[in-house]
Amino acid sequence: SGLVTAGGVVLLTVDTSQLSGLSASQIPLLPAEMAVRLLIVGLLALALVALAAVADWRGRSVIIRGQCLSCPVALTALVLALLYAGGNLALVQALPDPAMLADLDLNFGMGELAAQSVGMVTLALLGVGLGMRRDWPAVRRRLGLRALTGHDVGVALLLTMGLVGVSMVVGALIALLFPDSVASADAINEVLISAFSSVGGALLLGLLSGVGEEFLYRGALQPVFGLGFTSFIFALHHVQYLNATLLLIFILGLMLGWIRNRWGLSVAALSHACYNSFLVLVAIGAASVGS
């Protein structure tokens, strides 16, 4: 948290030309906008840590909904969530136009996505105490993870259709009420689709992102922070969609959380993976028709 705050301070004084190496073409970045966001998120994270430290010094704990949010594991989860969302927000705010994300040399591909997914799964497993206070069977029960049956696969496919249907309805309303949000979201999605522009790439994108996010959010975080707050954190982690699209992501988070509570983490992860893959495949098909 201190390093993020310090980074915001440094960016307030940096010369814009020093950031030109981030982009393949000379994109005019806005370091001051990035700096302000980094300062805010860094100071908020430091405030959380300070609150926990003061509570511990006074022999107390910060308890919300029966959960100790000042205890090390929960505090770490909150701070990491805040810093991750703040970093995404800072990057988006550094661009005059979100469509410029497509021109940034981010080198995001299968390797980076796999590393991100493994990182999320690892955080989830460590967060619930694998090898420390729980063995593997206990971790599986805590996460809600179980072997998929044929019936589970059928349920997941039906639930995927439900997720797609809700996405179409809410997306249409957002397009009607906030047309600028659609253009911004499409520009950001183009960056992902260009890196996974094959059927195999779409399936791997869905699997890796679905499994990683479900392990962390619905598996590890939701039983502690609850359905609503976890869905809010889930939406914040997609803060690159800094527009009305966040409402759709929040609603999808609520639905995936309900699926996890009703059918378990395995079905939620498969539903999420199928949903992501379906949307990417549709986008690939639309792009090929348009060309």
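**Exercise 1. Find which cysteines form a disulfide in this predicted model, and how many disulfides there are.**

Solution. 
Step 1: Look at Cys 68 and Cys 71. A disulfide joins them, with an S to S distance of 2.0 Å.
Step 2: Check the cut-off. A disulfide needs cysteine sulfur atoms within 2.5 Å, and the pair has 2.0 Å.
Step 3: Count. Searching the whole structure gives one disulfide.
Step 4: The angle about the S-S bond is 90°, and the link of Cys 68 and Cys 71 is right-handed.

**Exercise 2. Classify Cys 68 and Cys 71: buried, partly exposed or exposed?**

Solution. 
Step 1: Set the limits. Buried means under 20% relative accessible area, and exposed means over 50%.
Step 2: Take Cys 68. Its relative accessibility is 17%, so Cys 68 counts as buried.
Step 3: Take Cys 71. Its relative accessible area is 31%, so Cys 71 is partly exposed.

**Exercise 3. Describe how helix H6 and helix H10 cross, and what kinds of residues make the contact.**

Solution. 
Step 1: Locate the helices. H6 covers residues 150-177 and H10 covers residues 245-263.
Step 2: Read the geometry. The two axes come within 10 Å and cross at roughly 160°.
Step 3: Name the arrangement. Angles over 145 degrees count as roughly antiparallel, so H6 is roughly antiparallel to H10.
Step 4: H6 and H10 make a right-handed crossing.
Step 5: List contact residues. H6 contributes residues including Val 155, Leu 159, Gly 162 and Ile 174. Among those from H10 are Thr 245, Leu 248, Trp 258 and Trp 263.
Step 6: Sort the residues of the contact of H6 with H10. There are 14 nonpolar, three polar and no charged.

How values were computed: Residues numbered from 1 in each chain as written. Predicted model: local features only at pLDDT ≥ 70, side-chain atom pairs only at ≥ 80, totals over all residues. Heavy atoms only, no water. Buried < 20%, exposed > 50% of the residue type's maximum accessible area, 1.4 Å probe, protein only. Axes fitted to C-alpha atoms, helices over the stretch in contact; angles between N-to-C directions. Helix = DSSP H or I, 4+ residues; strand = E, 2+ residues; numbered from the N terminus. Parallel < 35°, antiparallel > 145°, perpendicular 65-115°, else oblique. Left-handed = near helix turned anticlockwise from the far one by under 90°. Contact = heavy atoms within 4.5 Å. Nonpolar A, V, L, I, M, F, W, Y, C, P; charged D, E, K, R; others polar.
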